[in-house]
Amino acid sequence: MSAAHGGYYLPDPTKWPMITSMGLFLLALGFTLHLHHLAPGPWLMVAGAAIIVLMLYAWFGQVATESEAGKFDGQVDTSFRMGMGWFIFSEVMFFAVFFGALFYTRILSVPWLAGEEMLWPGFEATWPTAGPAGATYIGPDAHDVGSGQFSSIGAFGVPLLNTVLLLSSSVTVTVAHWALKKNQRGRLNFWLFVTVVLGAAFMYCQAGEYMEAYNHLGLTLGSGVYGATFFILTGFHGFHVTVGVITLTVILVRCLRGHFKPDEHFGFEGAAWYWHFVDTVWVGLFIFVYIL
Amino acid sequence: MTTTVADHHHDEVPKGITRWLFTTNHKDIGTLYLWFSFIMFLVGGAMSLVIRAELFQPGLQVVDPHFFNQMTTVHALIMVFGAVMPGFVGFANWMIPMMIGAPDMALPRLNNWSFWLLPPAALLLVISLFVPGGGPASGWTLYPPLTIQGGMGMDFTIFTVHILGMSSILGSINIIATILNMRAPGMTLMKMPLFVWTWLITAFLLLAAIPVLAGAVTMLLTDRHFGTAFFDPAGGGDPALFQHIFWFFGHPEVYILILPAFGVISQVIPTFSRKPLFGYTSMVFASAAIAFLSFIVWAHHMYTVGMPLSGELFFMYATMLIAIPTGVKIFNWLATMWRGSLTFETPMLFAVSVVCLFTMGGLTGLMMSITPADFQYHDTYYIVAHFHYTIFAGSVLSMFAGIYYWLPKWTGHMYDETLGKWHFWLTVIGFNVTFFPQHFLGLAGMPRRIPDYALQFTEFNQISTIGSLVMGFAQLILLVVVVKAIRGGKKASAEVWENPEGLEWSLPSPPPYHTFATAPEVR
């Protein structure tokens with residue numbers, strides 16, 4: 001319930017943000033305790049995460065209800081667009097850090113480490129490397145790694161498949177968007193569903209790759225700076241894909257309930273923008289982490 | 001739902017504690033930010049007094065060295081992330097909608113969340129001081145390998161940084177959307193008050209810089225607990241990588257602290273000079289230039305870490321370039337005052353002191369930009385003096401100027417001018433007594449972040465500690481002034497000052513709970 005002030009929608013006081021913050025506090029507190037193997041840690045984490053999930057459900061649900069009630073005029077819509085756009089920009093900067101770390105390590109610090117004979121006699125600058133004191137790299141997709149050795153995931157197996165999956169999902173979400181703009185609800189639902197399935201298939205393949213890496217390739221977070229950059233880049237990307245799939249699923253449910261109009265559907269577009277962003281990051285990963 | 005009853009209900013000011021917990025009103029949220037900032041300012045200030053007390057004499061008297069290191073670290077984290085940044089976001093919340101003729105911030109619920117992320121984050125940082133092993137003791141720069149060691153206090157610090165970062169990103173998104181989307185008809189970009197401009201630029205800096213810090217501390221966390229080797233040469237990593245990433249955030253960060261201050265000064269000086277701001281357009285472009293340069297100078301914080309000569313030279317010359325747009329600003333303020341009808345009420349006193357003292361801080365910065373010279377100054381008290389001349393005398397004194405300038409608008413009452421002047425003189429004299437001697441200490445070679453020192457540094461340290469006591473306790477005067485103005489006093493007119501420029505002065509003092517429900521026309 002709220003009043004229109006000069007047309008711009010000003011929401012009533014809200015309790016969701018405050019409670020979400022409490023959930024976040026419990027999550028951080030619990031995680032820290034858990035990292036130090038203290039008893040209530042996992043329970044606090046679960047409680048915090050549950051609070052966050054429930055509150056986000058309620059908060060976004062409220063926004064969706066308001067949107068369907070027609071409370072948002074064009075100016076509010078522009079605010080949402082700017083908000084989402086600049087949020088994605090901040091995400092770009094977040095991934096830029098890890099790409100930057102990768103480039104710095106490969107181009108500068110690993111060669112420097114090998115160049116100073118005083119530091120690590122006999123260390124040669126190669127990539128992938130687990131560093132002078134780490135495991136030895138024995139080439140990609142080597143399934144017979146011994147102790148003190150590690151392998152890596154070749155680019156043109158599952159990662160190539162993953163690239164195809166994500167790139168085609170960017171196409172299908174765009175086809176769904178065209179359908180929405182032409183008010184073809186059946187096509188919209190179908191292509192959006194296909195997008196969710198493609199995203200989920202990517203997650204499945206990526207999880208398989210991680211198990212392969214840990215169980216057979218000897219490639220772990222502990223595999224020196226190669227393992228560190230590999231897992232932090234693909235891991236945060238995978239997390240973003242997961243968020244994207246959840247978002248698209250929510251949008252799909254809303255589509256099935258008849259939400260969104262041909263000329264007014266920022267919820268859909270925001271999710272699609274995010275999905276394209278996740279897709280673009282993957283292309284960067286495929287080139288700089290897997291191929292090169 | 002759409003009845004007039006509901007409309008009427010919405011215009012009432014909500015009562016009780018839930019007004020503050022659940023508010024979506026930009027003025028309420030601005031007030032929350034400002035009080036949070038002030039509390040953090042007192043907490044962080046108390047920690048700096050612990051530091052100064054220990055340094056009053058050589059030897060160890062007051063605290064043990066580990067606790068001393070925690071104090072230097074947490075003092076800095078609290079002042080940077082808890083006091084100055086939220087303080088200016090408070091100003092932004094209060095003033096930007098009123099300055100551009102908007103009914104509120106663009107995303108009011110998000111605005112509430114941006115604020116209410118801060119107290120849990122501050123709580124985590126405070127908790128860290130009481131866990132086994134104590135709080136972070138690495139300096140606010142959190143350099144590994146020191147931060148790879150240590151107890152759970154460091155993990156609390158990492159999550160504190162994450163949550164504060166979320167708050168800053170959400171706040172910046174809101175500010176950008178408000179400025180770009182909510183301006184009244186006729187309020188073109190080049191008609192915006194300079195405070196709005198500097199905040200727009202600051203918000204972009206935040207969006208680009210804060211995620212970088214989040215990434216850096218995330219790598220610290222994985223190095224600490226998940227076996228990664230980003231910063232460990234044994235695994236092929238490099239601790240200097242952290243320094244590069246940290247300062248890629250850190251240098252924009254200090255401009256995040258100072259640009260809104262430039263904005264405040266650019267509002268205050270024209271009012272008390274009774275002249276329009278000199279060189280408005282050049283001010284806008286100078287702010288943008290400073291923001292751009294801030295992203296290509298980071299390694300001047302790490303000349304001594306071991307970089308190729310070409311890198312040292314690039315960062316030296318790029319850093320020197322910053323003096324040009326900053327100089328443009330200083331000279332524009334001077335030209336604004338030139339032949340103006342000057343009066344020196346408290347806001348103007350603070351503003352003028354900022355122009356003088358910040359210029360000093362800028363010039364010592366220029367000295368340190370010279371690579372070979374910096375090898376001598378690096379990690380000495382010279383950098384402590386430089387930093388406080390820019391961030392205390394630049395940002396914090398500007399905040400004081402802004403508080404006195406807009407307090408009558410916020411509360412509807414004039415503040416106590418006599419007490420304000422006491423606050424000003426005690427703060428500025430205390431500040432200079434505290435930090436001026438630190439230049440000499442640094443040049444003579446006293447290292448920073450050390451609880452003990454050689455005997456020849458004693459006198460300057462004692463002077464510094466005495467100054468810090470004066471400066472510290474003078475801040476309680478501000479509390480008295482603000483509380484007095486809230487509780488009563490001479491009624492302030494809508495204009496408050498003599499013909500000040502800006503839409504905020506067209507509103508009554510205090511402004512109604514909702515302002516500019518209908519957008520004003522700007523000619």
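User: Is A:Tyr214 buried or exposed, or what lies in between?
Analyst: A:Tyr214 is partly exposed, with a relative accessible area of 42%. Buried means under 20%, exposed over 50% and partly exposed in between, using a 1.4 Å probe and protein chains only. Keep in mind that this is a predicted model, where local features need pLDDT of at least 70, side-chain atom pairs count only at pLDDT 80 or more, and totals for chains, interfaces and linings use all residues. Residues are numbered from 1 along each chain as its sequence is written, chains are lettered from A and ligands numbered from 1 in the order written, and side-chain values use heavy atoms, leaving out hydrogens and water.
User: OK, new topic: how many aromatic pairs are there over all chains?
Analyst: A search of the whole structure finds 75. Rings of Phe, Tyr and Trp (its six-membered ring) pair if their centres lie within 6.5 Å; planes under 30 degrees apart are stacked, over 60 edge-to-face, and the rest tilted.
User: What kind of pair do A:Tyr214 and A:Phe231 form?
Analyst: Edge-to-face, at 5.5 Å centre to centre with 65° between the planes.
User: And what about A:Phe231, buried or exposed?
Analyst: A:Phe231 is buried, with a relative accessible area of 7%.
User: What about B:Phe248 and B:Trp298, how are their rings placed?
Analyst: Their centres are 5.5 Å apart and the planes sit at 70°, so that pair is edge-to-face.
User: How exposed is B:Phe248?
Analyst: B:Phe248 is partly exposed, with a relative accessible area of 21%.
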